[in-house]
Amino acid sequence: MSLIERLAPQEVGFPLPWARPARNKVRMSDALLLSMKVNGEEVEVAAPAHFTLLEVLRYKLDLIGSKQGCDKGDCGACTVQLDGVARLSCLTLAVQANGREVRTVEGMTGAHLHPLQDCMDKSVAAQCGFCTPGILMAAEAFLTKMGRVVTRGEVAEAMASNLCRCTGYTKIVDAIVDASAIMAEGKN
Amino acid sequence: MAGDFTKERGGRIEGEEVQAWQIGKAHRKIDAVDRMRGLLRYTDDLKLPGMLHCKIVRSPYAHAKILSIDSASVLAMPGVHGVVTGKDFPTPYGVIPWTPDENALAVDKALHVGDGVAAIAAIDEDTANAAARALKIEWEVLPAHFDPAESLASADQINPYSRTGNLSKKVMLEFGEVENQLASSSCVIEGDYFFEGSTHGAIEPHCAVANVEPNGVLTVWSATQVSHYLHRELAKVLDLPGNRIRVIQPPLGGAFGGKSEPFDLEFCVAKLALQTGRPVKCLYTREEVFYSHRGRHPMQMHYRTGFDKDGKILAVDAKTLIDGGAYSSFGLVTTYYSGQLLCAPYAFGSYRFDSKRVVTNKPACGPKRGHGSVQPRFAIECQLDKGAAALGIDPIELRRRNFIGHDTKTINEFQIGSNGFMECLERVEASSQWKERYGKMSYGRGLGVAGSTYISGTNYCIYPNDMPQAAVQVSLDRSGRARVFSGANDIGQGSSTMLAVIVSEELGLELADIRVVSADSDLCPVDLGAYSSRITLMVGNACVQAASRLRKQVVAHVASKWQIPAKRVNLVRGQAVDIENPETCMSLAEAFALAEAEDGMLSAVGNYNTPRDRHGEYRGGTIGASPAYSFTAHVAEVDVDVDTGVVQVIKVWVAHDCGRALSPKIVEGQMEGSVYMGFGEALMEQHVVDYNKGGVHTGPSLLDYRMPTFLDTPDIESLIVEEADDQGPYGAKEAGEGPLHPIIPAISNAIFDAVGVRMDKTPFSPPRVLAAIEARRAQEASGELAPHKAALREERR
């Protein structure tokens, strides 16, 4: 017999979780149907028209890797790639991603860690790790575009829209430079 | 009689000599890959069936009486399930038990813009936001006080619970004869300093989720760095026994002191979950994070420092006015720390500090990385630089002459153990080529030095008790795995990795075979949390004790099977090995199975409590006393644009004595992060409200509050100094907060070397620097001052 069966509600001291019926409200605005390719997979998703891409990823698709740090485009923690270009998903309406290809941090790792993730791990470049998904997305787009070994100065310039409050950036720059060498080698 | 938990400190079996196989090595953090793959669930990533979303309605006024709140009409809105106001939380709380002066939501009046007034739970965020906008509140606006001096003089009491008007705390302590010593000094430097408020800016906003489990236990998941204090305050405010509450800290997205006390959202989600029977989540907007604040206190500091002709410090006299904001927070401690943490690494001939913390109608200040001591450190290190200049002594040399030494007592009677400050100075002096370059670079270019000390945890816990400050439980099983249960909060600093490294070192397990379960009040022993840089030393010591007890147990069984003395058995690299005959070995899984067959389940606890004989014998003499102190020295190199006042920090050399570095890469990360955070405070950041616009924050966003980006941050060279301390696990001390302190005065001192002006007010923004340069030029033109670096000016052009 469970504890709850043994105790009368007043003895538990709290209203029982199922004391009120679950409310299941359907809104017409939920009927906006979007289709996009997310991490290589075609998805169809219904979302209110005002939902951002970040909200659709986190709330509708349960891809919680992209983080909400400010919800107004200041911190970069929500950075994803839209058709290979780094974008702030909190400033992108979900409808803007309709019919396009979205890549999130969850899509980075196949059978092996992505070189960027491996270099970040090796350099201990993630402390709390909250900005890291956005950093990885921005850095991957940058390195893919460059296609060669990059300098510390180039990294600092390319990454200036992603804030990190833990690391002082030093080890992240180390990791991105290291990864650029591995990625450039892999291309040749 | 309290137990002596420190008697057995762990350590090796007598006669056993073993090379460290994990301590001091480069480690990958045990949970970093999960974070990097986006798999780890932070608080806002939790989603429970039927979960409601909570929004807190906040005061638009800096000081206003609540006349009425129309909860009923909002509650009638479709989709709204619950509304709570201050009346639902009549019990005041405060993280410091002596100053319970805030309610979860304002009861009678709001004390600052952004003070929480009501909380609404609704089926989704949009509905909660709409309801929050619709909630009608009648206000009577009261006069607000923003300036601490004005507030102190006013008869209007801001905080209703205060027993001393708008004076939040006053501390005056004197050691030695300050006035006499000042009178006999050959040089007295007098200066006024102002340290602007700044905030933590963790990228993860505060978030909490509450749920009432079917068995009646209230579970609260919160982005907190002090689960235990949250647990205590929830019990108090909700009037529930502690054993009916479970607090879990999910992985945390940065804290820096900004999550080290309970916040309104935790009480609100808990109360709303109890009222509605549904899980409830609240996520702060970034604006709310700024208004919840608890960041660095603005401090006005007046310092007088007396030196003898050789530069020895005869007297330090400090008078400090601290702007506390609306609530006490940790303010009692802050007020003590503003004076108590200054008495090393230099010996003072005499010392007096007089600190007052004042209540104002602003978001409350609290602990930010380097709590209470970053501001006075700025003042004293600038004072020393001015003294060195006045006496014609090299600033590094002046600091050496005042070195307090190791195994000594400070003037405020704190016992110092190890002290690597001299090596820190040497390392930054050599690396920065100080001797060749200080004072010799062209006009506009300069070097500056500063030093500091910080605590590795506090000897006395926030609420007095005789129980251990830290406890760790470790268990092993036949699969060759260890589980580590610790209440410590890993806030990104890597404390869980630190525990795994220790268990790995003691038991020979690979890091991958160690599971750390932390910060869950139902599963883990009590720990006081991540503050005061206490975890490595305190939790580390407890962990060494637990793990070494298990090691001895396993080793004994292996030795008896092999019929050799225990000291010949080593546990390393996943194996038990006979040191003298390495072919004799077995896997740890076998070794654990052997011990488990003999003794049953393999589990041990370790405890740690602080030594109680390292503080001062006077009222307040325990506050700021620590088992061990870290030491730091910085040299900063700057380039000042004399036409615009823009200061560019070219490079920072930071040498930090963290005792034994258990994991050097992680220590470097702490040093670099500290330099970065202090650099932002020196040049860019200010957390201020607009006095002329009713006390609204001047820039409550991550764009307007100017945190340094990749591009702003200087090149940082970390130099680890390892002066092992008897009190720390394997000799380790703190690394997370100490390295922040010197950067601000080091930059100020470097600006002096560059252009001959003193920046005594943070941040050193371009208009301020330019104004100072222009003022100096005027003085040079009138002949009052000699041109700064006259001979080196041509080079620049």
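Tutor: Two residues are in contact if their C-beta atoms, placed from the backbone, lie within 7 Å. This is a predicted model, in which local features need pLDDT of at least 70 and side-chain atom pairs count only at pLDDT 80 or more, while totals for chains, interfaces and linings use all residues. Residues are numbered from 1 along each chain as its sequence is written, and chains are lettered from A in the order in which they are written.

Student: How many residues does the contact take from chain A and from chain B?

Tutor: By that cut-off, 54 residues come from chain A and 51 residues from chain B. On the side of chain A that touches chain B, α4(A) gives the most, with four residues; helices here are DSSP runs of H or I with at least four residues, numbered from the N terminus.

Student: Why does the radius of gyration of chain B agree with that of a compact globule?

Tutor: The radius is taken over C-alpha atoms, and the globule rule is 2.2 Å times the number of residues to the power 0.38. For 797 residues the rule gives a value near 28 Å, and chain B has 27 Å, so the two agree.

Student: What makes α17(B) largely enclosed by the rest of the structure?

Tutor: A residue is buried if 20 or more other C-beta atoms lie within 10 Å of its own, exposed if 12 or fewer, and partly exposed in between, with C-beta atoms placed from the backbone. In α17(B), 18 of the 20 residues are buried, and the helix is therefore largely enclosed. Across chain B, buried residues make up 62% of the 797.

Notes: Helices (H or I, at least four residues) and strands (E, at least two) are DSSP runs, numbered from the N terminus.
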